[in-house]
Amino acid sequence: MSRIFMKGCEAIAEAAVRAGCRFFAGYPITPQNEIPEYFARRLPEVGGNFVQGESEVASINMVYGAASTGTRSMTSSSSPGISLKSEGISFCASARIPMVYANISRGGPGIGSIQPAQQDYSQATKASGNGGFKMMVFAPASVQEAVDITYKAFDYAQRDMNPVLILCDGVIGTMMEPVELPDMKIEEEVSALKEANKNWACVGHKLDYPNRSWIQPGQWITSKMQQVNEEAADLYNSWEKDVQVEEYMIEDAEIVIASYGISSRISKSAVDILRKEGIKVGLIRPITVSPFPYKAFDNINYDICKAVLDVEMSIPAQFVQDVEKGTKGRCPIEMCLCSGGNIISREAVIEAIKEINEKY
């Protein structure tokens with residue numbers, strides 16, 4: 001693997017190219033502009049295609065079309081742009097079309113601010129579009145993790161015939177860090193990946209081809225809608241094996257922080273500082289936020305745990321709803337929050353922990 005200093009958005013794009021992505025369509029919006037800019041330069045070098053659509057709606061439907069040919073395809077946007085893409089994403093889920101997209105989140109609601117935030121959590125994990133479909137949703141806490149997740153996301157999408165979302169905040173997208181890039185898939189591998197999709201892909205099959213999901217998805221036939229929803233539910237339940245979570249110093253923790261993305265990274269540094277001061281703090285960091293690692297909260301020692309502290313860049317809190325479901329009322333939950341483009345500070349987390357230590 002080669003090691004290079006890269007901005008998060010550009011590293012995500014490069015990881016996608018190395019994973020075999022050969023089509024990208026998108027539309028400019030801060031703070032994710034470097035993703036389409038990078039693809040515009042990079043894809044022609046590997047025989048791929050980049051399109052700047054006339055809108056977010058046009059772009060996601062271009063991805064729908066390209067992915068329907070079996071080509072590894074991707075789009076990206078930020079918060080309100082993702083909302084505009086939601087119908088097209090729902091269509092991809094309905095037709096069981098594998099595609100990957102990234103949300104480099106900004107403040108909200110509405111158009112909001114261009115600064116980083118974590119205010120799209122509920123949308124990403126609970127309601128990415130209509131019809132109740134679900135996706136695997138990953139929340140990296142570093143540029144390296146964003147690279148690794150993006151590279152693997154295309155395999156998950158192709159395996160499950162389902163969209164996959166990479167949920168990043170604007171900090172991860174715009175910061176620069178050294179990363180080790182994965183190996184570039186050679187053209188023979190990329191061709192083989194596309195060839196593996198030929199039984200369903202839109203590549204000139206006859207109209208009576210038995211697996212013509214690209215022509216007439218089963219859920220568009222009223223008599224089969226419940227059946228395909230049941231099949232989708234079985235798929236969603238199978239993801240338990242793919243759950244990823246970091247448990248950091250929770251074995252003897254008297255206070256456990258629950259956080260994800262950049263907030264968890266800041267929180268982890270607070271844990272290290274507080275441990276040196278003799279305060280026993282731990283961290284649970286979901287990497288997959290859908291499905292959520294509820295079982296990790298069973299590993300907390302509730303005989304000694306005073307409280308769980310939810311740390312997130314969202315007001316009102318959203319991530320806390322899954323934290324509450326994980327803790328099952330076994331200890332109090334406190335919150336340390338910011339929003340609207342403000343980045344959570346390590347000092348705020350430390351202060352919140354010390355207040356909990358005195359309170360309970």
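Predicted model: local features only at pLDDT ≥ 70, side-chain atom pairs only at ≥ 80, totals over all residues.
Residues are numbered from 1 along each chain as its sequence is written, and side-chain values use heavy atoms, with hydrogens and water left out. Local features need pLDDT of at least 70 and side-chain atom pairs count only at pLDDT 80 or more, while totals for chains, interfaces and linings use all residues.

Helices (H or I, at least four residues) and strands (E, at least two) are DSSP runs numbered from the N terminus. Two strands are taken to pair if DSSP finds at least two bridges between them. Strands of a sheet pair through backbone hydrogen bonds, either parallel or antiparallel. An open sheet of 7 strands is found, with mixed pairing and the order E3-E2-E4-E5-E7-E6-E12. Strands E3 (49–52) and E12 (288–290) stand at the edges; each has a single partner strand, so one side of each lacks a neighbour in the sheet. On average, neighbouring strands of this sheet are turned by 20° against each other, direction ignored. Axes are lines fitted to C-alpha atoms, for helices over the stretch in contact, and angles run from 0 to 180 degrees between N-to-C directions.

Within the sheet, strand E2 (residues 23–26) pairs with strand E4 (residues 73–77) in the parallel sense over 2 bridges. Phe-23 has Ser-73 in E4 as its bridge partner. Helix H4 (residues 80–94) lies across E2, E4 and strand E5 (100–105), at about 145° to E4, where contact means heavy atoms within 4.5 Å.

The structure holds 0 disulfides, a disulfide being a pair of cysteine sulfur atoms within 2.5 Å. The sulfur of Cys-168 is 7.6 Å from the closest cysteine sulfur, in Cys-9, which is too far for a bond. Cys-9, at 0% relative accessibility, is buried (under 20% relative accessible area; exposed is over 50%, partly exposed in between, with a 1.4 Å probe and protein chains only). Cys-168 is also buried, at 1%.

Rings of Phe, Tyr and Trp (its six-membered ring) pair if their centres lie within 6.5 Å; planes under 30 degrees apart count as stacked, over 60 as edge-to-face and the rest as tilted. The count comes to 11 aromatic pairs. Phe-24 and Phe-50 are stacked, 6.0 Å centre to centre with 5° between the planes. Phe-24 lies in strand E2 and Phe-50 in strand E3, 26 residues apart. Phe-24 is buried, with a relative accessible area of 0%, whereas Phe-50 is partly exposed at 26%.
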